[in-house]
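Here is a short report on a metal site and some helix packing. Look at the structure, then read on.

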Amino acid sequence: MNVNQQPHMATPYGQPQPGYQGYPQPGYGGDHVPSGYPAQYAPYNGPGSAYQQGPPQGTRGPPTSGAPPVSGAQNYSQFGQGENQNGPPPMGPLPSTQSSFPRPPHPTSQPSAFPAGPPPTSIPSQLPGVMQPQPPVSQPSPYHSGPPTTSTGFPPQVGAPPRPSFPGMQGPPMASQGPPMASQGPPMASQGPPMAQANHILPTQPGMPPGPINASLSGPPPQPGMQGYPPQQNGAFGQVRGPQPGYTGPYPGQPNYGAPPAAPASAPAAPKRLDPDSIPSPIQVIEDDKANKGSEPFTTGVRGQAPPLVTTKFQVKDQGNASPRYIRCTAYNMPCNSDMAKQSQVPLAAVIKPLAPLPPDETPPYLVDHGESGPIRCNRCKAYMCPYMQFIEGGRRFQCGFCNCVTEVPPNYFQHLDHTGKRVDCYDRPELSMGSYDFMTTVDYCKNNKFPQPPAFIFLIDVSYNAVKNGTVGIVCQELKTLLDYLPRENPDVESNIRVGFVTYNKVLHFYNVKASLAQPQMMVVSDVADMFVPLLDGFLVSVSESRVVIESLLDQIPEMFADTRETETVFGPVIQAGLEALKAADCAGKLFVFHSSLPIAEAPGKLKNREDKKLVGTDKEKTLFQPQVSFYNTLAKECVAQGCCVDLFLFPNQYVDVATLGVVPTSTGGSIYKYTYFQAPSDQERFLNDLRRDVQKQVGFDAVMRVRTSTGIRATDFFGAFYMSNTTDVELAGLDCDKTVTVEFRHDDKLSEETGALMQCAVLYTSCSGQRRLRIHNMAVNCCSQLADLYRNCETDTIINFFAKYAYRSVLSSPTKNVRDSLVNQCAQILACYRKNCASPSSAGQLILPECMKLLPVYLNCVLKSDVLQPGADVSLDDRAYLRQLVSTMDVAESHVFFYPHLLPLQKLDVESMALPMAVRDSEERLSRGGVYLLENGLNIFLWVGVSAQQELLQNIFGTPAFSQIDPNMTSLPALDNPFSKRLREIIESVRAQRSRYMKLMVVKQEDKLELIFKHFLVEDKSNSGGASYVDFLCHMHKEIRQLLS
Ligand SMILES: [Zn+2]
C-alpha cells in the first residue's frame, strides 16, 4: 500500500482556466436549460414544502385554510372531534371546488364501497354455433354516466358473451364500451344490435356470419357505418368525431382508415399482399384514445377501469386507487382462478413507478404522520392503512382487505363511523381515501434502529488518456462547478443536505480533501487498489456551500493536472469500492457518479478482458455475452445495496468496454447507465450535459425496500427492474429515482372473488434526499372475472408489451435469443387463440380475430422481436445490446411504447397556429412522402428526415435554405430562424425532449443519404435488414400460429 499525501496544487488557484472557455456555461433555470425541464421537477419538490409549510401547488389548501390534516400534529389535534376544523364536513360528496385534497364523490375506501354499479350479472354462457358479438372495445368510459351495463345490452339471441358485470363498477355503460372495432374482424353487422346503434351502425341480422376473411383483399363488403373513422371512433359516445384540431385530415398515405374491417387479415394462403391499411393501425388506436379519453380527467375511484393510453394527455384525480402514472396493469379484470389465467396466457403484471413525477396540475402525494407508534398496519400481513381496510365494531377494529385479519384500532386513531360504516374522517385522511400517499416513519423503520444521516454524492472521474483526450474530464469538472448548487432538496428554499466528495482515477485512485478550512484541496493517492480503502475521513465528504471555494479550486485544477497524462489503463472495481467505503465510513447512503471511458484492464479486482466475439451471436452461447464475465461485480453490487450505495455510470467508450459487466452494479443498485459512444465534445456535449444535470438533480430515494402485498388469491412472484433481491419478496434498491419502474408479475395461489376484486399495495420504504425515512404507498384494486371475455375486454397492450419486453430481455441471459423469440410468439399466439376459441365467433376459422384492446399486440410484439437485443443487425455492437437490455428493464410504459414503436410526425402538416401536433404516421417507409419532412423520436434519438423533393418553403422555414443539397446533415440543432414554423418546430423538439428521461440528440437524415439506413431501422412496420419481419408478414405468421393452436 502506498499513500502519498501531496499538499500539491500546481495551478494557482482562483485563476480562470483558459481551457474552459470553449464550453458554454450552462444556465440553470435560464435559457440554456431546455424549457419544461425545471418546471417538470418543480412539482416534485412540491411535496416537501407542501407537507411542511403552506399550500402546495395542488388543490389542497394550507392546514389553516380548512384543508384536511396533512401532518401528524394536525391529525392529532383533531382526533375524535374537529372534523370541522379540517375543512368541509367529511360526510358525503363534496363539491370539487372545495380547497382540499380531491374528494371522491363516492367512497372508494373499502371494497364494500365499490359495488355501486349493478350486481354481478350472470349471463348464460355462450351457445356454441351462435354468432358471437365480439366483446366491445377496451374499457368502460370513466366519463360516461350512462346506464349500467347489463345483459340486456345484448339480446340473448345473438349469444352475447357475458356483458361486463364489473362488480362494483359505476355501471360501465354500454355506450362507453366503445364502438365495435373493425379489428373484431367480422363485419360490424355481427355486432349485437345495441352496439350497432351505439355506433350508428345499421343493425343487420343477428347470426350473420362474419365477413370473409379476404374481405380486406377483395374489398370489404358494404359496411354500413364503416366509412372513415366513425366505427372506431367515439360514435359510441354519441358524438361524431370531427377532425382533431390541428389536423388537416387524415394523412394521405392512409386514405382508408377504418374503412375495411380492420383485423381480418388474409389467410396465409392468400397470394396477394395484405393491404397495410386494412390491418390495425397503432396511430388509429392512439388517436381514438385521445379523442375518447383525453378531454376529461381520469378519476381513479372506479375499480378495474383501464386508464387512457400513455400516448393520451390526461389529468388524473386520485380517488382511491393509484394514478396510472404510478401503476399500470396488464389486465384490469383479472381471472378469478389460475386455470383461467393459464388458459389465456395473458400475463398478470403491474408496472410500478413509485416516485413518478406528476404534472403541475396534479397533487403530489400527501405526507401522513401516525405519530410515535408509526403507520397503522394490519397485524397479520402488515399491510399499511389504506382505503381497502374496513372499519367494524363502531370503528374500534378494522378488517384487512388483503388478508381479512381483524386488527384493533389504536385509541389515538379511533374515529366514529357513519351510517354506511365509513369513518367520518375518511376524506380528511389521505390513507383512507386516496390511492397514493407517504407515511412518516419512526426509528423502527430505520437501519439499525437509527435515523439515517443525509445521503452523499460522490463523483468519480476517469482521468486516463482517453478521458482527457475526448474532453470529458474538462466538461465534467466545469459543469460540476455550477451543478453542485442544484443538488436535490425537498424544500427549494433550503440548501440541500447532500454532501459531496471527489475522486479521480486511472489505474490508481486520487482522493481529495476539500475541507472548508483548507486553503486549497489536497490529493491523496491510493495506488494499491487490491484492497481499497479511503485514505481520509475528515474532509472527503463536505457541504457544497461550506467548501465551495476549495471545491471550485479542485474542479479547476483536475483537468490541468491530468492534461498531459500518458496513462491509458483504468481500473473500475476499486473505483466503486472506494465510493462504497467512503459511504460506509460516513455511515450514510448515497450515489456514485462514475465517468468512465475504457475497458478496465489494469491489474485490480474486477479487471476485465476483451471478450467481444460476434461469432457467438445467434448461437447457443450468445447468452454469455449478456452475462458478466466475472462474478466480482455481483458481489460488489450486493455490498453496495447493503450500504444504500447507488451507482450511476456515464460511459464514453471508443471501443468495447463490456457494458454487460460494467453495468452489473448500476443495474443492481437502482442506478442508471448512460453511454456516449465515440464521444465528441462539439456534437455530444449537449446531450451528455443535459443527462448529467437531470441525473444529478432528479428526485431520488435511498436505501429503498419495496414490498408488494396482494389480496389472498394472488401474489407477486416475479420482479423486473434495476434492483437486488435477497429473498423472494423484498425488492431492494440502493437508490430509487423518479424515472425507475419495477415490473411485478402476479400469479394465483388461490381463487379470487369477483366481489372483492384483486387488491395490491406497493409500499416503498426509503430515505428522502433530506435524510428522512419515509414510506411511499400505492394502492391498486382491479376487478376479477370468471369469464374470459371480461379479461379480454379490459387489458392494456402497452403494459403487456412492457412486461414481455422485460421478460424477454431477461431471458436472453439464460436462453438463446431464438428460443426467447419463439416463446414470445408462442405465448402471444396462445393469448389470441384462447380469445378466438372462447370469446369470438366460432365460425370462419380462417379469419384472424383480435380482441379489441389487444389488436395492436401483433405489431408491437413484432417490434420487440426484431429489436436490437433479440434480433440484431450486423452493425449493432454487443455493448449496445447489453446497454439497451439494461435500459429497457427499468422503462415505464410510455418509454417502452415509444422505444418499440417510435413517434413519427409529418412536419409538412404542422399548423403553426395551433398548439396541437399533426397526427403521427405509421412507422413505415411507404408512409413517407418525398415532399415532406418528418420528425421521428423513440426516447433515445430524434431524427429529422428530409424528403428529396421537400417543398422549398418548408426547407427555407426549417433550415434557412430552399435547397435540399445545401442542408448540412451534420447539424445537431436547428438554426433559430425568425419565422413561426422554425420557432414552433424547435418548441416541439424541446417539449419532446422534456418528456423523456434522456436527452435526445437531433440527427438530420436526408433521403437517399447513407445515414438513411440508420433511420430506416426505426421504421418498425417494415422488414428490417436483420431479418425482422414486416408488420404485414408478421401478422400473417401470427395468424398461422393461432390456427395451428386451434386445429
Ligand atoms: Zn392483512
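Along the chain, the donors of the zinc ion are spaced C-x2-C-x18-C-x2-C. C378 lies in the loop between β7 (367–368) and β8 (390–392), and C400 in the loop between β9 (397–399) and β10 (406–408), so this pair ties together parts that are 22 residues apart in sequence. Strands here are DSSP runs (E, at least two residues) and helices are too (H or I, at least four), numbered from the N terminus.

The SG atoms of C378, C381, C400 and C403 coordinate the zinc ion at 2.3 Å. Donors are N, O and S atoms within 2.8 Å of the metal (3.2 Å for Na, K and Ca). The site is tetrahedral, with angles of 100 to 116° among the 4 donor atoms; the term requires all angles between 85 and 135 degrees. C378 and C400 are both buried (under 20% relative accessible area, 1.4 Å probe, protein chains only).

## About the model

This is a predicted model: local features need pLDDT of at least 70, side-chain atom pairs count only at pLDDT 80 or more, and totals for chains, interfaces and linings use all residues. Residues are numbered from 1 along each chain as its sequence is written, and side-chain values use heavy atoms, leaving out hydrogens and water.

## Helices α23 and α24

Helix α23 (residues 952–959) meets helix α24 (residues 980–995). Their axes come within 7 Å and cross at roughly 65°. Axes are lines fitted to C-alpha atoms over the stretch in contact, and angles run from 0 to 180 degrees between N-to-C directions.

L954, N957 and I958 of α23 make the contact with F981, S982 and L985 of α24 (heavy atoms within 4.5 Å).

Notes:
Tetrahedral: all angles 85-135°; square planar, octahedral: opposite > 155°, others 65-115°. Buried < 20%, exposed > 50% of the residue type's maximum accessible area, 1.4 Å probe, protein only.
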